[in-house]
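Here are some notes for a colleague who is opening this model for the first time. They go point by point and can be read beside the structure.

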Amino acid sequence: MTEIFSCTAYRQLSQMFLAILFFHSSEYILAVAMHGLSNITPKSLLISKAYLFAMLFSLLEYLIEIVLFPGLKEPWRLSNSGLAIVIIGEVIRKAAIITAGQAFTHHIKVYHEEHHKLITHGIYRFIRHPGYCGFIIWSVGTQIMLCNPISTIAFAIIVWRFFAQRIPYEEYFLRQFFGSQYVEYAQGVPSGVPFVN
């Protein structure tokens, strides 16, 4: 039981909680800055029941493994790599939000609005869906940081599957809004989500 109060556990769990706190609070702050407080709901914190379940599962995995297999949590290089991956994912996602400005929302737009423009500059020159790409990297990185083998694999599969279903739906509307301009853009820029074109 002393493993739960070890330096390793303190460091890894502190980094995890700080990563979650920063991710969600910065998402909310940027949403308010881009769209105004009156247009933002608590859903802009991006915390759903499925998300809470996944994070609680990863915490449970961590606690079980640190008690039963404390050596599994000791590889500092692996844990530090996870922290670096979390930061990379965060930078990619926040670059997407800042670059897109008002065009970035947490909900897929099914009607074209006046301010909705096709963004093809900044990070969007290299990745079509950098917000999704950044979130996948961030979420998997949180589990690598905790040295959670089961959750690392589960997060990678579940988050990838979510975006693999979401991207075609979103792109249907983007083709409706922007026509050949979007088709040409999509042909030259990868989605940013592996195996999703």
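1. Helices (H or I, at least four residues) and strands (E, at least two) are DSSP runs, numbered from the N terminus. The expected span of a helix is 1.5 Å times one less than its number of residues. Helix H3 covers residues 76-100, and its 25 residues should span 36 Å at 1.5 Å a residue; the end C-alpha atoms are 36 Å apart, so the two agree.

2. On reading the numbers: this is a predicted model, in which local features need pLDDT of at least 70 and side-chain atom pairs count only at pLDDT 80 or more, while totals for chains, interfaces and linings use all residues. Residues are numbered from 1 along each chain as its sequence is written, and side-chain values use heavy atoms, with hydrogens and water left out.

3. The unreviewed UniProt entry carries the annotation "transmembrane region" for residues 16-38, 50-72 and 135-160. UniProt positions are given in the numbering used here, feature names are shortened, and annotations may be inferred rather than shown by experiment. In the model, residues 16-38 are 87% helix and 0% strand, with end C-alpha atoms 31 Å apart. Residues 135-160 are 88% helix and 0% strand, but there the end C-alpha atoms lie 10 Å apart.

4. Which residues of H3 are buried? Among them are Ser79, Gly82, Val86, Glu90, Arg93 and Lys94 (buried means under 20% relative accessible area, exposed over 50%, partly exposed in between, with a 1.4 Å probe and protein chains only). The buried residues of H3 pack against helix H1 (7-35) and helix H4 (130-145). Just after H3, Gly101 takes a positive phi of about 60°.

5. A nonpolar core is a set of buried Ala, Val, Leu, Ile, Met, Phe, Trp, Tyr and Cys residues joined through side-chain atoms within 4.5 Å. The largest one here has 46 residues, and those with the most contacts inside it are Met55, Tyr124, Phe135, Trp138, Phe163, Tyr182 and Val193. H1, helix H2 (49-68), H3, H4 and helix H5 (149-188) each supply at least two residues of this core. The largest share, 12 residues, comes from H5.

6. Phe163 touches Tyr132, Phe135, Ile136, Pro168 and Val193, not counting residues up to four places away in sequence; contact means heavy atoms within 4.5 Å.

7. H2 and H5 pack at an angle of about 160°, with their axes 9 Å apart, and H2 is therefore roughly antiparallel to H5. The contact is made by residues including Met55, Phe57 and Glu61 of H2 and Pro149, Ile150 and Phe155 of H5. Axes are lines fitted to C-alpha atoms, for helices over the stretch in contact, and angles run from 0 to 180 degrees between N-to-C directions. Angles under 35 degrees count as roughly parallel, over 145 as roughly antiparallel, 65 to 115 as roughly perpendicular and the rest as oblique.

8. Two further backbone angles can be checked. Cys147, in the loop between H4 and H5, has a positive phi of about 55° although it is not a glycine. Is Cys147 buried or exposed? Cys147 is buried, with a relative accessible area of 4%. Phe195, in the segment after H5, has a positive phi near 65°, and Phe195 is exposed, with a relative accessible area of 83%.
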